[in-house]
Amino acid sequence: MDINTIPDLVPTGDPAHWRPGDAWLGGGTVLFSSGSQSLQRVLDLTRAGWEPLSTSDGGLEIAATCTVAELYAFAGDLPAAADWTALELLRPCCDAFVASFKVWNVSTVGGNLCTALPAGPMTSLTAALDGQALVLSPDGTSRTLPVTGLVTGDGQTSLAPGELLRSVTLPARALQARTAMRRLSLSNLGRSGVLIIGRLDPGGTFVLTVTAATVRPVQLRFGSVPGRAELRGAIDATIPFALYHDDVHGLPQWRQYMTERLSEEIRAELAQDPQRMPTPQ
């Protein structure tokens, strides 16, 4: 749609150029669809020249401008780090957008995170894998914080005015984990009502990340795979009922029940010894 308050589009990835009335532009799928009556300039990140995906011994760095299409393609390129078994989450999380190729080719990982919708699948992916967000500030400083601290509520983040999400790094430790994912929607092609990812790290740590059901990502950690009762008790203690999201995509009561049910499915799956699991026929 037209946003007729904007006379200037500035190609830059430098937060020092930001001033009140500006908006950062990644893919623009949300910015242009929601509109604005107050924006004065758009700071265009698409020509910042950031490498979409970079691998190192430390893990995988995903630029904020990396598109969903680029992330999906990367998942099929058989990266050199063959022990990064958690990369199997990339394509299911991209599919959770339930969007057309036209959206995939412009929508960005950083845009999905900064929009901070509870059902944002890039929040689910990066939070579940202990993603560390690199944030640049207009004063020239930078800071790093976990994705679970970046997305703080429905449409809310911890970003200060003018701050820019530069990238998210997924540590190799988390990428080497066994994972299990469950997603539910009230319709076949609907927005996620519940999206839960479980992770069993090589050292035995069990991590459960609840998204879509709650207004912000919630993470539970255990030294080993918990028992059924222990997991249920931890969920009840960690997620107060008020934290469950309430909109047309699902009532809080339903989201709470399905969180408990799907979390148990994930716990049971990751508790199995993969060496003894039956071979698919």
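Me: Two strands pair if DSSP finds at least two bridges between them. With that in mind, how many bridges join strand E6 to E10?
Reply: This is a predicted model, just so you know. Strand E6 covers residues 132-136, and it runs antiparallel to E10. One spot to look at is Gln 132, which stands opposite Thr 169 in E10. The number of bridges joining E6 to E10 is 5.

Me: Which residue in E10 is the bridge partner of Gly 59?
Reply: Start with the strands: E5 spans residues 59-63 and is joined to E10 by 5 bridges, running antiparallel. Elsewhere along this pairing, Ala 63 stands opposite Ser 167 in E10. For Gly 59, the bridge partner in E10 is Pro 171.

Me: And how many of the 8 residues of E10 are buried?
Reply: E10 runs over residues 164-171, and E5 and E6 both pair with it. Buried here means under 20% relative accessible area. E10 is largely enclosed by the rest of the structure, because the buried count among its 8 residues is 6.

Me: Over in the open sheet of 3 strands, what is the order?
Reply: The pairing there is parallel, and 4 bridges join E1 to E3 (residues 41-44), with Arg 41 in E3 as the bridge partner of Asp 8. E1 (8-11) and E2 (22-25) stand at the edges with a single partner strand each, so one side of each is left without a neighbour in the sheet. From one strand to the next, the twist averages 25°. Put together, the order is E1-E3-E2.

Me: On to the pockets: which helix gives the largest share of the lining of the largest pocket?
Reply: This pocket has a volume of about 1,100 Å³, and 43 residues line it, with Val 30, Gly 111, Asn 112, Cys 114 and Thr 115 nearest its centre. E2, H1 (31-34), H5 (109-115) and E10 each supply at least two lining residues. By class, the lining has 23 nonpolar, 17 polar and 3 charged residues. The largest share, 5 residues, comes from H5.

Me: How many charged residues are in the lining of the second largest pocket?
Reply: The second largest pocket has a volume of about 170 Å³. H9 (228-238) and H10 (252-271) each supply at least two residues of its lining. Among the lining residues are Arg 228, Arg 232, Glu 260, Arg 261 and Glu 264. Alongside 3 nonpolar and no polar residues, the charged count is 5.

Me: How many residues apart in helix H9 are Asp 236 and Arg 232?
Reply: Their side chains meet in a salt bridge at 3.3 Å, N to O. Asp 236 counts as partly exposed at 39% relative accessibility, and Arg 232 is partly exposed too, at 43%. They are separated by about one helical turn, because their spacing along H9, in residues, is 4.

Me: Are Asp 201 and Arg 199 buried or exposed?
Reply: These two form a salt bridge, with the closest N and O atoms 2.7 Å apart. Both also belong to a network of salt bridges that share partners, together with Asp 130, Arg 173 and Arg 221. The cut-off to apply is under 20% relative accessible area. By that cut-off, Asp 201 and Arg 199 are buried.

How values were computed
Residues numbered from 1 in each chain as written. Predicted model: local features only at pLDDT ≥ 70, side-chain atom pairs only at ≥ 80, totals over all residues. Heavy atoms only, no water. Axes fitted to C-alpha atoms, helices over the stretch in contact; angles between N-to-C directions. Buried < 20%, exposed > 50% of the residue type's maximum accessible area, 1.4 Å probe, protein only. 1 Å grid on protein atoms, 1.4 Å probe; cavity = no way out; pocket = protein on both sides within 12 Å on 5 of 7 lines; lining within 4 Å. Points joined across faces, edges and corners; volume = space filled by probe spheres on them. Nonpolar A, V, L, I, M, F, W, Y, C, P; charged D, E, K, R; others polar. Salt bridge = Lys/Arg side-chain N within 4 Å of Asp/Glu carboxyl O.
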